Amino acid sequence: MPQLDAKARARLPNSAFAYVDSKGRRRLPIHDEPHLRNALARFNRTKFEDEAARERARRKILAAAKKFGIVPIGFITGQLQSQSERAAASRLIIELGEVGAPGELEERLRRALRDPTLCVLYWSESAEGYVGADQQPASLPGEGEGRAVTLLERHGRPMAALVHDRSVLNDPDLAKTVTAAVRLAIENERLHGEVEARGGDPRTLPSGFVTFLLADIEDSTGLLGRLGERYGAVLADLRRLIRAAVRRAGGREVDARADEYFAVFESAPAAVSAAVAVQRGITAKAWPDGADVRLRIGIHSGRPALSETGYIGLPVHMAARVCSAAHGGQILLSGDAERAVDGSAPPGVEFRDLGSHRLQGLPEPEPLFQAHAADLPGDFPPPRAAAASFEHRVGHWRPARSTRA
């Protein structure tokens, strides 16, 4: 194709270009066959001001093709595919508003864009880099690796990265729609917990017989001393991890302050499922400077009172005491919570009877059980309770009971 220099370009009328924008800039020359073929190839990589401008340019290109006797099968096929992809991506704006898990977001994008290798990476403030849905560090592909990267930012800071086939987002409008959908999904996940807990009416929380999950960071003061200013980023990452697990299990955030987190579930098995998912996520994640982040989790079931300010009553205090008795990385259940599971523990989860312990401020010793899965640490010291009040029974692992006397 002969080079179209500035003087030759200036001599051409506007009608010789498929696209003239609102500022008079002329693109996609179609005055001869070689330039028309080039316009056909570059159409989907051109950024148009709006859909109407795109459609006008498309019609001019097709008219020019007819004039020069070109049958642009590839162009027409590409347009049909592009329109199909844009429609699918537009549907994501609605669908992704309900996505709760990173893996689900990735899978939906793969289907919509027909790229089975697409992956979504998330920016981690604590790691100061990107991580995958499994919370493991991930590197962006280099120039020669044949993959394209679309970066998303929030307030000038990295948010996420889409790694995809180079041809997937050649269409600027499609890229804009897809990135908007992904941003919506990630923002929705980030804000869901805060909005639900702080913006909602406490009276809408579950009432009656419920199960509480309380968690806090073991030795948070020591962790703060080691990490310094990076502790805030670690805490933010940890809360996102907990919130995602609680939401997937159908729980509700009640409160989150300092290094503590409080959630409620309508079923005990769901609370156990969330707790196991949280501990797995913490174990799998690479924390900055090799920090050993450990969360202790306590679960208790009961019938609290629900006031205008939230839950009150002994079940709340019991859940807090069970959490305080746990060690970092451990999941403890009260006897009431273990009975509430009633044979419906998540697959692969078993309970260990730790005996009865007198918990601070409670008049009678409380039976405690440890929830455990094969891929989580299982050996811990005795619960953090007064040794003199411990009613010893030999601990043993067993599946959750399936029948009751």
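Analyst: The structure holds 4 aromatic pairs, a pair being rings of Phe, Tyr and Trp (its six-membered ring) with centres within 6.5 Å, counted as stacked with planes under 30 degrees apart, edge-to-face over 60 and tilted for the rest. This is a predicted model, in which local features need pLDDT of at least 70, side-chain atom pairs count only at pLDDT 80 or more, and totals for chains, interfaces and linings use all residues. Residues are numbered from 1 along each chain as its sequence is written, and side-chain values use heavy atoms, with hydrogens and water left out.

One of the pairs joins Tyr19 and Phe48: the ring centres are 4.8 Å apart and the planes stand at 55°, so the pair is tilted. Tyr19 belongs to strand S1 (residues 17-20), whereas Phe48 sits in the loop between helix H2 (33-42) and helix H3 (51-67), so the pair ties together parts 29 residues apart in sequence; helices (H or I, at least four residues) and strands (E, at least two) are DSSP runs, numbered from the N terminus. Tyr19 and Phe48 are both buried, that is, under 20% relative accessible area, with exposed being over 50% and partly exposed in between (1.4 Å probe, protein chains only).

Phe212 and Phe262 make an edge-to-face pair, with 5.0 Å from centre to centre and 65° between the planes. This pair links distant parts of the chain, with Phe212 in strand S8 (residues 210-217) and Phe262 in strand S10 (residues 260-265), 50 residues apart. Phe212 and Phe262 are buried.
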